Each structure stands twice: as C-alpha cells, then as structure tokens.
Amino acid sequence: MTETHPSAGQVALARERFFEQGLDPAPWIAPHISRSWRRSQPVAHAAPAPMGRVMLDERREQAMRLLACAQAELEGLAEHATGHGCVVVLTDAHGLILEEIGSPDFLPKAERFALLPGVDWSEPACGTNAIGTALAEREALTVLGREHYLAQNSALGCAAAPIFTSRGGIAGVLDISGEPQQINQHALGLVRMAAQQVEHRLMRSQTQGQVLRFHRRPALLGSAREGLMHVLEGQIVGANRVALELFGMSWEQLLDQDVESLLGRRWTRVEQQRGLLTLPDGDQIAAIMEGAARAEARPHRVAQAALPGIGCAAPSPHTDAVLPLLSQAVRVLNQGVSVLIAGETGSGKEVFARRLHQGGRRSGGPFVAVDCASLPETLIEAELFGYAEGAFTGARRRGMPGRIREADGGLLFLDEIAEMPLSLQSRLLRVLEERVVTPLGGGPSAAVDFDLVCATHADLPAMVAAGRFRADLMYRVAGFGASLPALRERTDRRELITRLFAELGGSGKRLQLQPDALDALTAYRWPGNVRELRSVLQTLVALADPDDLVGLTHLPLAVQGGPTAIGSNADLPGTAPMPLATMTRQRIDQILQDCGFDVAAAASRLGVHRSTVYRHLARQRK
Ligand SMILES: Nc1ncnc2c1ncn2[C@@H]1O[C@H](COP(=O)(O)OP(=O)(O)OP(=O)(O)O)[C@@H](O)[C@H]1O
C-alpha cells in the first residue's frame, strides 16, 4: 500500500461529511479509512475494558506458538519504539492485545487509551484503528489521529501489519503506536518486515512433512525473504506470501495441490535436495527441500516476563501424540465435514477444538464456543439462535444475534453436545442443514457459514438408543470422530509432563524434576487428565524456590504412588474391570465427601471445572 497522508484539514472535512452530514468521506480520506468508518458505525463510544488476568493467560496460552515465534521481533521493534517514544503491541488473531513493550514515556499514555494487554482492539470493539483495520483489510496500514473512528483515540498514531498463517488465515497483528507525528512510512515498513519475519518463523517451526525453500537470488535462501512451501504426504499444505507471489497464485489456488503436478516428480519425498525449481513463467530458481522443523528453525524461547506462567513457551510438538489425529481432523474439517471430539473430562477437548480452528481453513474467522451443559435449558435457545428486539421479558432491548451468527466465517464449538435439550436438537439440525438462522421472536433470517466441531464425554449412540438424542443429529455432527486418549493412556505422557513442567514456570525458575518424581507422575492415573496434571505441576512450581530439585517427596501424597498408580488394582473391586464412568463417579463422590461437599474445593482437588461437579450432582438427583 502506498500512503500519501491527507492533511489534518482534509481529515476534519471528511469527518464533518461523514459524521455530521452522513455523506461519503471518500474523496478526502484514504479508501481503507472510509471503508472502515462505514464498518464501524455500530461501535459504542465507551472505552473498552481489559479482560481478567486468568482469561488473558488462557488467551496467551492459546497463542503460545505465535508468542514464541514473535518474541525476537517484539524485542527488535521495542528498540526502535523506545527511541521514538512509542510502544510495540502484539495481538492475537482477534485483535486482543497479548503483549506490549516500549517507551516508559508513552506507556502511561497507552494505558489512558486502553492500549493494554487484555483489551480487544478489533474493529467491532473500537472502530477504525490500525490493529482492527489491518485485521479487517488484511494488509499493513497506518491510522493517524482523527482517522480513528472514536474521538477519544485521536491523539494516537498507529502502524500495524497482520501476520498471516501458512494457510492464509491471520495469526495476529504487530503494531507500533505513539504520538501521530512519530508514526510514518518508516514505522509502517518496520512492522511489515517484522510480520514477515514472524510468518517465516511460524512456517519454519512446522514439525511434519517437508519444507521447500526457494528464492530468485540463492544468497537470500535462509532469509525471511525466501519463498516457503510446506509439503505433507505429497500435498502442498501451506505457503508464505513470497511463495504465492513467485507462483502468481492465491492461497486458494495453491493449497492442497498435488506437489508432483505443480513442481514435477523430482521434488517429492526427498530431503536435503538442492536444485532448480521451474516457476510458471519458465524462470528457474534455486531451491532446497528439507525435513520440517530442523533444529535451527525452532521458535525462539519466550522470555519469562513476556509470558507469565509459561517459562519456555515454545511447544514441543514432537512429543505430542495427538498431532496425527489433529492433522487428520483438520483435513476433514477443511472439506466441510463436522468433527466430534470424545474424551474424558480434562483430556483437552476444548484445546483440541481451538487447535483445529488455528490449523483449519477458517483460522482468520471467529472461534465461538458454547458449553451446552452450563446454560440453563431456558436460555440455550436464545443464546444459540439469538432473539429479536423485545422477544421475551428480560431480553436485551436491541435483541441479540446469537452465537451461531457470531460464528459466521469461523468455527462453532458446541461443548457437551449431549446436553442439548431434545426440543432444540431438531432446530439445530435444521440450521446445520439449511445454513440459515431465524432469531427467536421473528425478525429476518440470516445465512450463516461456519465449520462445526462438537465435543462430548457421553456415549452418543447409547443416548440415541435411549431416545435422548436424535439419530439424524448424531450423524450430522459426528462426520469424523476424534477420540482423545485419557492422559494415563497417552504414550507421550512422560514427555508431556516434562514439557508442561518447564512451560508452567519450571524452566524460568531453573527447577529440576528428579527421575523418581517423574516416574511417579508418569505412573499416576490422572482421573482429571491434563487439567489435573496442570494444577499439580503449577502447585509444584509455585512452592519451589529457584534452582530447587523437585523430588518424589514434594509430590501430593496421592501422586507419590500406590493405590492410584497405573497398573494397580486398587480402584477395582476384585479383578473385574470397572467401567470408567463408574470409576470417575465414585471418585467424584469420594472427593466430595472428603471436602464436606464444598464443590469448589472438590473441583480443585479433582482438577476439573466446577461445572463438571455440578453436572455430576445434577445427574444424581435425576
Ligand atoms: N496438550 C495440552 N497442553 C497443555 N495444556 C493442556 C493440553 N490439553 C489440555 N490442557 C489444559 O488442560 C485443561 C483442560 O483442557 P480442556 O478444557 O480442553 O479439557 P476438556 O476435555 O474440554 O474438559 P471438560 O470435559 O471438563 O470440558 C485446560 O487448562 C487446558 O489448558
């Protein structure tokens, strides 16, 4: 984008035409600003508030790979920002600020503008601004002074660039903000280049298949300016923007193509091959095919301060036994098939759903999660399908679009789908078939397009047999079944424990998990699965002093060994295996009793959500 900036007078004129006379501001202002003002018209004028610490930590955790890969650029840009009285900001794919560093002079002002971690700077939340508008326009741009939609931001100047995923989605946004006069073409160039670097690192951190690297100038192979294609099982599953430019193709045209038909046979299934690649225009350029995620391409280590609670945030997907299932599920989801995730409580169903979203074709769209179990039956209909103005007593005056409409263009995650009331199942099925939602209380219907992922820990076929779940809906939602192993069944649990211990602060405090402790942690049955594991590890890290050796005696008694270790029969009466569900129910009852029926305490000991315990109690009452 080339930018010749309008003068302050021109912007003032454009504002008057648009805000006071309701006219098109276009002749006086950059086209992206006028498009954005029009999109921003429903935005409220209140200052956005930051989300709570716990929620923000969750969002950071979800963006772990982005944070790890962007750390070096954040630090590099911070040097420039500090020198110019500015701050650097990294957001996630939805415009939520994850990180902010920079000039101590500007940080207090940034706080006044709510330019803070945990604040949503998407266009729907804040109107025209560099972060939200770069997300909406999918390009690097500046928004200066009164070009901001909200007058309260008119003393701010920002340059932002989107960071693209290798499938054309958006992973996040890098932004430099300061006084408007500090933000110029140079700042824009810097964030644009930094975003390209982050994209390069994100792609080089792929762990499966091969990566083909190429450039017209062999000397630039290995730099962030090289073209990259990610090849998995003979198909092109990812590419960076340089590759698209060199091949003159869009992501839609390039992705999922057969690598042999595009590049010729010699580039398939060979690693460490150097040679000449023929571009569509006939030019031959230098290329290297290599195995994905070579050691030097690992994401940067994230500084402890940058990511509280997670020491070395770069996940180590080599140790992730769930990855093959995830990549299968992404493939089918990308073909429009619904995915049903099954697994015990705490086994990571929601985490899996979020990873599906991140890896899928709609990663740039919203991820909308609805927990069907936590909503009362009377509210779930309105929550899902929305309602028209004044549809029922207590309804918001202006109506509500509903979660299904919010998921348009993205992914709808229906957690605990088995808890969906029978009366609503047919309505949901109709929406899934017709892709049209009609709000409660009438009003116009809206077309919707989203990918669907559901989760359950119930036995859906048994519920169908018992007449509690519609068979047609089950077939519709369970196009592909992804069954997550319980933690005690995971073959990679030793590596997972080691990694999580490091990520949850163990590496930041330089703690060493002793072999006897690791053995006991690996042998424990983990009825609350990864959730329980995380809570035990977090406690261990919190209680340890820097440089401590963490041994067997530091572990909770239950984990130290004995009755609940894998392979022990202590949970089982006689030698007959007990169904898992019964075992889990008995354990919840036991812990509830131990805790004097304090649900919060029992949930924390079990390592599950309080809602899981409430659901368990509700089931007993039926
Ligand atoms: N692979 C993983 N790495 C790190 N943390 C994980 C992983 N999988 C799950 N967790 C953590 O475990 C906890 C439970 O995960 P999640 O909510 O996805 O489980 P669930 O199966 O949906 O649980 P429930 O059935 O109770 O809703 C969360 O804190 C999550 O961050």
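Trainee: Which residue follows α1, and where does its phi sit?
Mentor: This is a predicted model, so local features need pLDDT of at least 70 and side-chain atom pairs count only at pLDDT 80 or more, while totals for chains, interfaces and linings use all residues. Residues are numbered from 1 along each chain as its sequence is written. Helices here are DSSP runs of H or I with at least four residues, strands are E runs of at least two, both numbered from the N terminus. After α1 comes Gly-22, with a positive phi near 65°.

Trainee: Which residues of α1 are buried?
Mentor: Buried takes 20 or more other C-beta atoms within 10 Å of a residue's own, exposed 12 or fewer, partly exposed in between, with C-beta atoms placed from the backbone. The face turned away from the buried side carries the exposed Ala-8, Gly-9 and Glu-20. The buried ones in α1 are Val-11, Ala-14 and Phe-18.

Trainee: Which domains each give the ligand shell at least three residues?
Mentor: The shell has 18 residues, with Gly-348, Lys-349, Glu-350, Val-530 and Arg-531 the closest; near means a backbone-placed C-beta atom within 6 Å. α13 (349-359) and α21 each supply at least two. Domain bounds come from an automatic or database assignment, and the ones asked for are domain 3 (317-483) and domain 4 (492-621).
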